[in-house]
Amino acid sequence: QVQLVESGGGLVQAGGSLRLSCAASGRSFRSYTMGWFRQAPGKEREFVAVIRWSAASTSYADSVKGRFTISRDNAKNTVYLQMNSLKPEDTAVYYCSADLAVGYYSDSYYRLGSSYDYWGQGTQVTVSS
């Protein structure tokens, strides 16, 4: 069983920055592929970013590329999402997720919520205009 706890959400003005954190339980964190998703009111959950277990390679949704950065600290069992140049359309609940499968999978695989085994409770991000 893996527990994921997000933090760092809040209210920020457009153009501002926030850094989300996701602390994970478990001794094998370095072998987890970690993702961030978000869900705005009335919309479906959407992929934001992923960082693979191997070599820390990353992938981003087009809507956040160049503004958001995903990173991980395996010593702290934590994954981060640095969000810069925030826009009102970034307003959503942000969820951290973990995939425990070891092996190489395509970007398209990690963009699916069904690919992940565990989810956090979410943290609200609100960007005012």
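User: The charged end of Arg-45 sits over a ring at 5.7 Å from its centre; which residue owns that ring?
Analyst: Good place to start! This is a predicted model, in which local features need pLDDT of at least 70 and side-chain atom pairs count only at pLDDT 80 or more, while totals for chains, interfaces and linings use all residues. Residues are numbered from 1 along each chain as its sequence is written, and side-chain values use heavy atoms, leaving out hydrogens and water. A charge sits over a ring if NZ of Lys or CZ of Arg is within 6 Å of the ring centre and within 35 degrees of the ring normal, and here the ring belongs to Phe-37.

User: How far is the charged end of Arg-45 from the centre of the Trp-119 ring?
Analyst: The charged end of Arg-45 sits over the ring of Trp-119 too. Its distance from that ring centre is 4.2 Å.

User: Which residues form one aromatic cluster?
Analyst: Rings of Phe, Tyr and Trp (its six-membered ring) pair if their centres lie within 6.5 Å; planes under 30 degrees apart count as stacked, over 60 as edge-to-face and the rest as tilted. The cluster is made of Phe-37, Phe-47, Tyr-105, Tyr-109, Tyr-110, Tyr-116 and Trp-119.

User: Tyr-109 and Tyr-110 form a pair: what kind is it?
Analyst: The two ring centres are 5.0 Å apart. Their planes stand at 80°, so the pair is edge-to-face.

User: Is Tyr-110 buried or exposed?
Analyst: Buried means under 20% relative accessible area, exposed over 50%, and partly exposed in between (1.4 Å probe, protein chains only). Tyr-109, at 24%, is partly exposed. Because the relative accessibility of Tyr-110 is 0%, this residue counts as buried.

User: What is the strand order in the open sheet of four strands?
Analyst: Two strands pair if DSSP finds at least two bridges between them. β3 (residues 18-24) and β8 (residues 78-83) pair in the antiparallel sense over six bridges, with Cys-22 opposite Val-79. The edge strands, each pairing on one side only, are β1 and β7. The order is β1-β3-β8-β7.

Conventions:
Helices (H or I, at least four residues) and strands (E, at least two) are DSSP runs, numbered from the N terminus.
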